[in-house]
Amino acid sequence: MHNPGQLTILITGATDGLGQRVAIDLAAKGVTLLLHGRDPDKGRRVLAKIREISGNSRLHYFNADLASLDEVDRLAASIGNSQPRLDVLINNAGLGAGPNPKSRETSADGFELRFAVNYLAPFLLTRRLLPLLTRTAENTGEARIVNVASAAQRAIDFDDVMLEKQYDGMRAYSQSKLALVMFTFELAEELAGTGVTVNALHPASLMDTKMVREWFGTPRTSVEEGARYVERLAVSEELKGVSGIYFEQDEPSRAAEQAYDEKARRRLQELSFRWTRLDETR
Ligand SMILES: NC(=O)c1ccc[n+]([C@@H]2O[C@H](COP(=O)([O-])OP(=O)(O)OC[C@H]3O[C@@H](n4cnc5c(N)ncnc54)[C@H](OP(=O)(O)O)[C@@H]3O)[C@@H](O)[C@H]2O)c1
């Protein structure tokens, strides 16, 4: 994208790990940055830190716990009401398998927690922000959605999407990430011709973040490594018009098989509209 100084970019989960690294880099390019987090004190601290490092004063913080669909709705509304444009939405916030991978947790709305935070929240946030993204693309020629997924992917069992029968943290994480890729493919078809593109990526394996330290112990790569690929999808000129691709870093790659099953994608979409109550306003 040309003229980073004119872009407005929203990054969810910008208070730590990969999201914070991407935020620091994009702030240094001079973009107007909307940083999302779930803890106001941490949000303020990170905002001040990024402002100091980058010298960029066009940074804004938005708070929302993505484990609550009402908070996701409020986040979308406050961005929609305050921002005249949104060039890029980076759905980065996410939750790993957790320190106790046998312990099933639920969201404020009663959904399996990883599925709620890693998939339902970005599904709802993206759909709520589509009018702003589409308007931006009409005025500027493009807008982009970047979904931070993972190479860890596992097929959804539609008889037990919320993993009530058999819970495992890795399975919960992996199915939520495949759901995000399925959403990416479905949305790319829907948005064809609007100028809004949507892609998903696996940024890097075992980056040095809180999620990895808590889950696997020893990181293998740096956040700088993953951030490079997220930023490429978000702003690189060579990606203009490219949509509906799952990347492993910068390589277009094949996702798990279920992502290519149109019936499964439609089924997930129908359920997601119902679970997020978007079907009531469709
Ligand atoms: N690390 C890896 O090797 C790796 C590999 C593949 C994909 N990914 C993906 O990369 C993304 C970033 O992960 P990371 O490794 O940077 O993890 P991280 O350091 O744990 O950061 C996760 C971010 O998401 C936020 N978050 C978590 N739960 C939330 C909730 N309920 N509501 C709002 N925000 C919430 C966190 O907020 P707090 O700061 O308040 O905790 C934090 O800002 C995730 O989507 C992850 O699945 C990571």
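Predicted model: local features only at pLDDT ≥ 70, side-chain atom pairs only at ≥ 80, totals over all residues.
Residue numbers start at 1 in each chain and follow the sequence as written. Local features need pLDDT of at least 70 and side-chain atom pairs count only at pLDDT 80 or more, while totals for chains, interfaces and linings use all residues.

Strand E1 covers residues 8-11; helices (H or I, at least four residues) and strands (E, at least two) are DSSP runs, numbered from the N terminus. Thr8 and Leu10 point to one side of E1, Ile9 and Ile11 to the other, and all are buried, that is, with 20 or more other C-beta atoms, placed from the backbone, within 10 Å of their own. Ile9 has Leu33 as its bridge partner in E2 and stands opposite Val88 in E4.

Ile9 also belongs to the largest nonpolar core, where Ile9, Ile90, Leu120, Leu133, Val181 and Val230 have the most contacts. Such a core joins buried Ala, Val, Leu, Ile, Met, Phe, Trp, Tyr and Cys residues through C-beta atoms within 7 Å. This core has 88 residues, and its largest share, 15 residues, comes from helix H4 (residues 113-140).

Around the ligand are 30 residues, of which Gly13, Gly17, Leu66, Gly94 and Thr209 come nearest; a residue counts as near if its C-beta atom, placed from the backbone, lies within 6 Å. Helix H1 (17-28) and helix H6 (210-215) each give two or more residues to this shell.

Key. Buried ≥ 20, exposed ≤ 12 C-beta atoms within 10 Å, placed from the backbone. Pairing = 2+ DSSP bridges.
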